[in-house]
Amino acid sequence: MASQTVGFIFARGGSKGLPRKNLLPLGGKSLLAHAIVVALECPSLDRVIVSTDDREIAETARAHGAEVPFLRPAELAGDETPEWLAWQHAIRFVQEEAGEGLGIFVSLPPTSPLRSVEDVEACIRTLAGSDADMVITVREAERNPYFNMVLLDRDGSARLVIEPESKVYRRQDAPAVYDMTTVAYVARPEFILTHSSIFQGRVRAVVVPPERALDIDTELDLKLAELLLSG
């Protein structure tokens, strides 16, 4: 069977910061629904699968057009469980239990509801056109370890996180650094199955604008997303 490009949305029922976060409303639909809508609009995705341990999330996912061919085991949905293990579980399901080829793995977390189809497609193109094991999304960082990020020593003294080779008087003159975002993770399934973290492999990045890279973690993030969505 031909290899497929599959979009996965990992949405467990629990959440430390915002209870039931994946089902919270934003602009008339849940964070989960936002992720599904974008995934279904991506021309490169052959399937959209939601991995969850929660029956209400599963019902919501199906109502918005995603597949939920399995419920994630509870031991893969705990607060301390690395999501990487859930990635491996989902890949194995598609490859082994469903008997289908999986060429490219795409994860679209519900916590980035302002992503665009082009953001996702750019990541898929980058992986397909390179020798990378994984493609991540990043945005330009607001703080820079060479200029205005500090460590505090035990005595309270502050020092730069990274001491530049020469004096930096403006942030623009410091080496450019980026924040990772949760807009998309695109990877080769074999890499995920044989490794345990992103930077164990060859990683490339796609830069996304900050207004599409907002990660929902707090009530303030949700309010800001409402403003950006309505603007």
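A nonpolar core is a set of buried Ala, Val, Leu, Ile, Met, Phe, Trp, Tyr and Cys residues joined through side-chain atoms within 4.5 Å. Buried means under 20% relative accessible area, exposed over 50%, and partly exposed in between (1.4 Å probe, protein chains only). The model is predicted: local features need pLDDT of at least 70, side-chain atom pairs count only at pLDDT 80 or more, and totals for chains, interfaces and linings use all residues. Residues are numbered from 1 along each chain as its sequence is written, and side-chain values use heavy atoms, without hydrogens or water.

**View 1. The largest nonpolar core.** This core holds 33 residues. I9, L32, V50, V106, L108 and V186 have the most contacts inside it. Two or more residues come from each of α1, β4, α2 (55-63), β5, α4 and β9. Helices (H or I, at least four residues) and strands (E, at least two) are DSSP runs, numbered from the N terminus. Another core, of 22 residues, lies apart from it and includes F10, V94, L102 and I136.

**View 2. Surroundings of L108.** Contact means heavy atoms within 4.5 Å. Beyond four places in sequence, L108 touches F8, I9, A35, A39, L45, R115, V120, V183 and A184.

**View 3. S51 in strand β4.** S51 lies in β4 (residues 47-51). S51 is buried, with a relative accessible area of 0%. Leaving out neighbours within four places in sequence, its contacts are I9, F10, A11, F70 and R72.

**View 4. Helix α4 and its cover.** The buried residues of α4 are D119, V120, E121, A122, C123, I124 and L127. Their cover includes β1 (4-10), α1 (31-41), β5 (102-107), β6 (134-140), β9 (178-187) and β10 (203-207).
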